[in-house]
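User: Could you walk me through how some of the helices and strands pack in this one?

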Amino acid sequence: MLDVSALRSLFPALASDAAFFDGPGGSQVPQSVIDAVAGYLRDSNANLGGAFPTSQASDEVMETARAAAADFTGGEPEGIAFGANMTTLNFQLAHAVARTMSPGDEIVVTALDHDANVSPWLVVAGDHDLVVRTAPLRAEDMTLDVDALEELIGERTRVVAFTLASNAVGSIPDAGRIAAAAHGVGALAWADAVHMAPHRRLRAREIGLDVLLCSPYKFFGPHLGIASIRSDLAASLPADRVRPAAEDPPGHRFETGTQSHEAIAGALAAIEYLRGLGAGDLDAAFALIEEHETTLTARFLSGVPDGVELYGIRTPEGRTPTFCFNIVGHHPRQVAELLAERDIYVWDGDYYALEPIRALGLADSGGAVRAGFLHYTTDEEVDRLLEALNDLAP
């Protein structure tokens, strides 16, 4: 089992009295990540490709980070592209794919997704006269209706864009089934792994994903975006480049200008931190993380008081430890503020998950409260949240 007390000592922020349940919006970072960012700026702050030592050190950081990101996502180093954030990368890649499509071609998105994997497709559809179809949710448990999604896929489908886990309600769809359905008509399987990344081992190529996107600041690193692109696809898509920029390896084609080398050094440190949880093995690390988070989930679900309306799956299976709820008689913002007075940090609103909140009928009433657990969350913190909810519930 995870030694949660020991690993928490590696995170400076966790020494405070705050209970951080805001992880779905961004995690805390270990000291090793802070040191990596500062160390890069102190010791090797230079641009790439130079003949001098600091530039060569920067080259090494970038290539080591690229290999680590490939291992983390389950892709190939040559298909890794770093960017400002997942949303920016997704807009960039969506525009590239749309330039290969014809008017009337179709894109399937889902109502489970964060808008970062919906709006880019709506924008390019408007630019290129494409059609966007949206797969619905099952209202009773806020899971993706994969049967309905498969019915939307047809001979004109070129991209199926979906999430590996909902950032709003935690639901985990069957990614392998969706990818197979996309490939059955020659479409691309395009996954947002931002919410899944801190909770489960990512296996992009193993489950048949052509593009996977994630954000290190959700898995204990700095603010940054990573795209893991199938390498032959990265080589074939049109990319907006300045003329002197290298075209190889293919993932680099989507890295415009100078990257945030210090953030990339921090992302490398975050992946190394996760490896360390499993004695150097990411598979082992995520097995431990899943075991701990499943225990936390069961503890929370068994203690949710009457008067708290919880949305989504009511069991630990098929979900991440991310909970969307409202308290009868309270506006979501009011709940967040009252919890903050107790040093309990949660989100409220729609968390950019527009369609799930609309499906719940909450778009015009302030959305919902969201509390998320991470591997550094303790049993005592879960009990502290439940006690506060009991006090607030009617």
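This is a predicted model: local features need pLDDT of at least 70, side-chain atom pairs count only at pLDDT 80 or more; totals for chains, interfaces and linings use all residues.

User: How do the axes of α10 and α13 cross?

Analyst: The axes of helix α10, residues 282–303, and helix α13, residues 379–392, come within 10 Å, and they cross at roughly 20°. Angles under 35 degrees count as roughly parallel, so α10 is roughly parallel to α13.

User: And is that crossing left-handed or right-handed?

Analyst: The crossing of α10 and α13 is right-handed.

User: Which residues in α10 and α13 meet?

Analyst: From α10, the residues L296, R299, F300 and G303 meet D379, V382, D383, L385, L386, L389 and N390 of α13. Sorted by class, this contact of α10 with α13 has six nonpolar, two polar and three charged residues.

User: Switching to the sheet, in what order do the strands come?

Analyst: Seven strands form an open sheet with mixed pairing, and their order is β2-β10-β9-β8-β7-β3-β4. The edge strands, each of which pairs on one side only, are β2 (80–83) and β4 (131–135), and the twist from one strand to the next averages 20°.

User: In what sense do β8 and β9 pair?

Analyst: Strand β8, residues 188–192, pairs with strand β9, residues 211–214, in the parallel sense over three bridges, and D192 stands opposite L213 in β9.

User: Which helix packs on that sheet?

Analyst: Helix α3, residues 53–73, packs on the sheet and touches β2, β9 and β10 (225–229), while the direction of α3 makes about 110° with that of β2.

Technical notes
Residues are numbered from 1 along each chain as its sequence is written. Side-chain values use heavy atoms; hydrogens and water are left out. Axes are lines fitted to C-alpha atoms, for helices over the stretch in contact, and angles run from 0 to 180 degrees between N-to-C directions. Helices (H or I, at least four residues) and strands (E, at least two) are DSSP runs, numbered from the N terminus. Angles under 35 degrees count as roughly parallel, over 145 as roughly antiparallel, 65 to 115 as roughly perpendicular and the rest as oblique. A crossing is left-handed if the near helix is turned anticlockwise from the far one by less than a right angle, and right-handed if clockwise. Contact means heavy atoms within 4.5 Å. Ala, Val, Leu, Ile, Met, Phe, Trp, Tyr, Cys and Pro count as nonpolar, Asp, Glu, Lys and Arg as charged, and the others, Gly among them, as polar. Two strands pair if DSSP finds at least two bridges between them.
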